[in-house]
Amino acid sequence: NENYWDPTCTFKNAKPVANRDTVLRSLRPSQGLNSPSVMGWMIWDEPPLYYGPAHKKELSSNQIFRNLADMTQLLRDSVASSCCYEKLAFTNLLPMHVVQHVLPECGKGGIATYACYLDKFLSSFDDQPLPAPVLCADIYPFEAPNSFVLRQYFQQLALLRDKAAQYSRPSYRIPMCLVIQSAPRRENMKTPYHPTPNFVQVRWQ
């Protein structure tokens, strides 16, 4: 997993193929991680498109998404060892309005930039037997309720739908899901909480 908000962090699975045995050993049933209550593993939450110079280790978009695809394939291929049988290799993507972590490779923001970001992730599975397991992204429309954010909400929904369909295959249709806003959240310990969504807003989502 990775937290790109902290510039001191580095990608912990930079070489999943080379570290295959170590990764699978940490997921084996003896570690208690193969319980029926475990749906899968979060590989990365909100991967950026690039790592800037502030990080310990700079990674290109090709490296970032290649690592995600390799880790997903590693978990999918490990069925024979029973460590990850029927478990989801889960990556949750950035929302459309967070463009500062998508630049510079994909333009200056908006639909085309976000489409490029999704393409980078989904196309990394092109040489694998199956496409991405799921297309999921954060989207919190009521943190800054205004017409622009709400308009982007529907634009992002449409784009996720279209990209999931574009990269699906006859043998596997990529499901789409969202991480919705259901509780107050803040960026870090020093910032105030965003507005708490009310019942109507949660139901609307």
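**Figure 1. Helix 3 of the predicted model, residues 111-123**. Helix 3 has 13 residues, and the distance from its first C-alpha to its last is 18 Å, close to the 18 Å expected at 1.5 Å a residue; the expected span of a helix is 1.5 Å times one less than its number of residues. Helices (H or I, at least four residues) and strands (E, at least two) are DSSP runs, numbered from the N terminus. Thr113, Tyr114, Ala115, Tyr117, Leu118, Phe121 and Leu122 are buried in helix 3. Buried denotes under 20% relative accessible area, exposed over 50%, and partly exposed in between (1.4 Å probe, protein chains only). This is a predicted model, in which local features need pLDDT of at least 70 and side-chain atom pairs count only at pLDDT 80 or more, whereas totals for chains, interfaces and linings use all residues. Residues are numbered from 1 along each chain as its sequence is written, and side-chain values use heavy atoms, with hydrogens and water left out.

Figure 2. Not counting residues up to four places away in sequence, cysteine 116 touches Glu105 and Cys106, where a contact means heavy atoms within 4.5 Å. Leucine 49 is 67 residues apart from cysteine 116 in sequence, with a C-alpha to C-alpha distance of 9.7 Å.

**Figure 3. Helix 2, residues 61-77, and its burial**. The end C-alpha atoms of helix 2 are 24 Å apart, in agreement with the 24 Å that its 17 residues should span at 1.5 Å a residue. Because 12 of these 17 residues are buried, helix 2 is largely enclosed by the rest of the structure. The buried residues are Ser61, Ile64, Phe65, Asn67, Leu68, Ala69, Asp70, Met71, Thr72, Gln73, Leu74 and Leu75.

**Figure 4. Two glutamates in the loops on either side of helix 2**. Glutamate 46 lies in the loop between strand 1 (40-45) and helix 2, and counts as buried at 9% relative accessibility. Although glutamate 46 is not a glycine, its phi is positive, at about 55 degrees. Most residues other than glycine have a negative phi. Glutamate 86 is located in the loop between helix 2 and strand 2; with a relative accessible area of 65%, glutamate 86 is exposed. The C-alpha atoms of glutamate 86 and proline 36 are separated by 9.8 Å, the two residues being 50 positions apart along the chain.

**Figure 5. The second largest cavity and its lining**. On a 1 Å grid over the protein atoms alone, a cavity is a set of points where a 1.4 Å probe fits but cannot get out, and lining residues have an atom within 4 Å of a point. The lining consists of Thr72, Ala89, Phe90, Thr91, Phe121, Phe125, Pro133 and Val134. Strand 2 (residues 88-93) gives the most to this lining, with three residues. By class, six lining residues are nonpolar, two are polar and none is charged; Ala, Val, Leu, Ile, Met, Phe, Trp, Tyr, Cys and Pro count as nonpolar, Asp, Glu, Lys and Arg as charged, and the others, Gly among them, as polar.

Definitions and conventions. 1 Å grid on protein atoms, 1.4 Å probe; cavity = no way out; pocket = protein on both sides within 12 Å on 5 of 7 lines; lining within 4 Å.
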